[in-house]
Amino acid sequence: MTKRQLGLSIYPDHSDFEEDKAYLILGHQYGFTRIFMSMLEVSGSAAETKLKYQRIVDFGNELGYETIIDVSPRIFDQLHISYDDLSFFNDLHVAGIRLDQSFDGATEALLSFNPYNLIIELNASNDVDYLNNIISHQANEPFIYGCHNFYPQVGTGLPYDYFIACSKRFKKYGIHTAAFVASQVGTIGPWNVNDGLPTLEMDRHLPIDVQAKNLFSTGLIDDVIIGNAYASEKELASLSRLNRYQLTLPVIFNDDVNDIEKTIALESQHFRRGDINETVIRSTMPRVTYQAVANQPHDNSQQFERGDVLIGNDDFGVYKNELQIVLEPHREPRKNKIGHISDDEIFLLDFIKPWIKFQLTAAD
């Protein structure tokens, strides 16, 4: 599996250098290692632009960041940059360039053989045969990445199924991918409209860690980047705690939950049984590990609802201490309700397929 990274976005034409530096220092403290930098809206000369961008890229490089800069054909024309000579970007000391707009396939393939080993990152938000065309022109595949767009205008982000179809085109070739989440407090982006900068419309108003879980859980996205600047320290900390390789869901515990139930919920490596059903997600190993531990009935007379977390009680025979998460409402007095999944994250249960590993944590 490709190493998964967290990233920040910087907009040198709309931000202050010292504030950018402070943001990168804070991100570094929380384990962020990638920078998305927009060069779609430059206003100065090539020399002025190079100086402005180079100093923030260099500062990021000193902290261990990898910077990929977003460019368009208009910028190539405006700054008199040739596709045959990417030395301008090499002089910026970036790791690569993201092509916001597509060419003819042959051009992108040729760019991937640039002498500076710059990554050529493609726009991944198009469900067309664009990538296959580039690969068929014998591109230098290790230097081809894919990164989705973000969408500043509310209501214009990608729908989920379309996002999946686009992303699968890149993962088919094992290409490194990225997508964006939105800070709920960031106000800086490339344009004068900023309703958040997510890739997925469904993510726009969710807590930032839930957005990232949604992207990582697809198995199709390697890097998650905060689209708008500046995210709060609380948001950065929230993402830094995130398990990027295994879905972790917060449980809001009932008052009557007992010690063995908390131990089962929080200390077990859960996975869904392969022979699934539509009623509950079953994590069956705890019933083996804790078969000899008593668990008196409680909170067992109500109807259980989607997202409730249950554990079999002493009346459940061989199923005592099995953990389950409810998918369909039902009643069963041989199960204790110990808590429920946070409402914002119940939709993530759809990612727990047969044999999928997951963990539970106590909600803040």
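Me: What makes up the secondary structure of the protein?
Reply: The protein has 11 helices and 15 strands. Helices are DSSP runs of H or I with at least four residues, strands are runs of E with at least two, and both are numbered from the N terminus. This is a predicted model, where local features need pLDDT of at least 70, side-chain atom pairs count only at pLDDT 80 or more, and totals for chains, interfaces and linings use all residues. Residues are numbered from 1 along each chain as its sequence is written, and side-chain values use heavy atoms, with hydrogens and water left out.

Me: What does Ser167 touch, leaving out residues up to four places away in sequence?
Reply: Ser167 touches His148, Leu220 and Ile221. A contact means heavy atoms within 4.5 Å. Gly146 is 21 residues from Ser167 in sequence, and their C-alpha atoms are 8.5 Å apart.

Me: How much of the protein counts as buried?
Reply: Of its 364 residues, 55% do.

Me: Which contacts join residues at least 24 apart?
Reply: Among contacts between residues at least 6 apart in sequence, 78% do.

Me: What makes a space a cavity or a pocket?
Reply: On a 1 Å grid over the protein atoms alone, a cavity is a set of points where a 1.4 Å probe fits but cannot get out. A pocket is an open set with protein on both sides within 12 Å along at least five of seven lines. Lining residues have an atom within 4 Å of a point.

Me: How many cavities of 30 Å³ or more does the search find?
Reply: The search of the whole structure finds one. The largest cavity has a volume of about 40 Å³. A volume is the space filled by probe spheres set on grid points, which are joined across faces, edges and corners. Tyr130, Leu131, Arg169 and Phe170 are among the lining residues. Helix 6 (130-136) and helix 7 (160-171) each supply at least two.

Me: What is the volume of the largest pocket, and what lines the pocket?
Reply: The volume is about 630 Å³. Its lining has 23 residues, of which Asp209, Ser238, Arg241, Glu345 and Asp364 lie nearest its centre.

Me: What makes the phi of His93 worth a look?
Reply: Most residues other than glycine have a negative phi. The phi of His93 is near 70°, a positive value. His93 has a relative accessible area of 38%, so His93 is partly exposed.

Me: Is the peptide bond from Ala229 to Tyr230 cis or trans?
Reply: The bond is cis, with omega near -5°. Tyr230 is in the loop between strand 8 (223-226) and helix 9.

Key. Buried means under 20% relative accessible area, exposed over 50%, partly exposed in between (1.4 Å probe, protein chains only).
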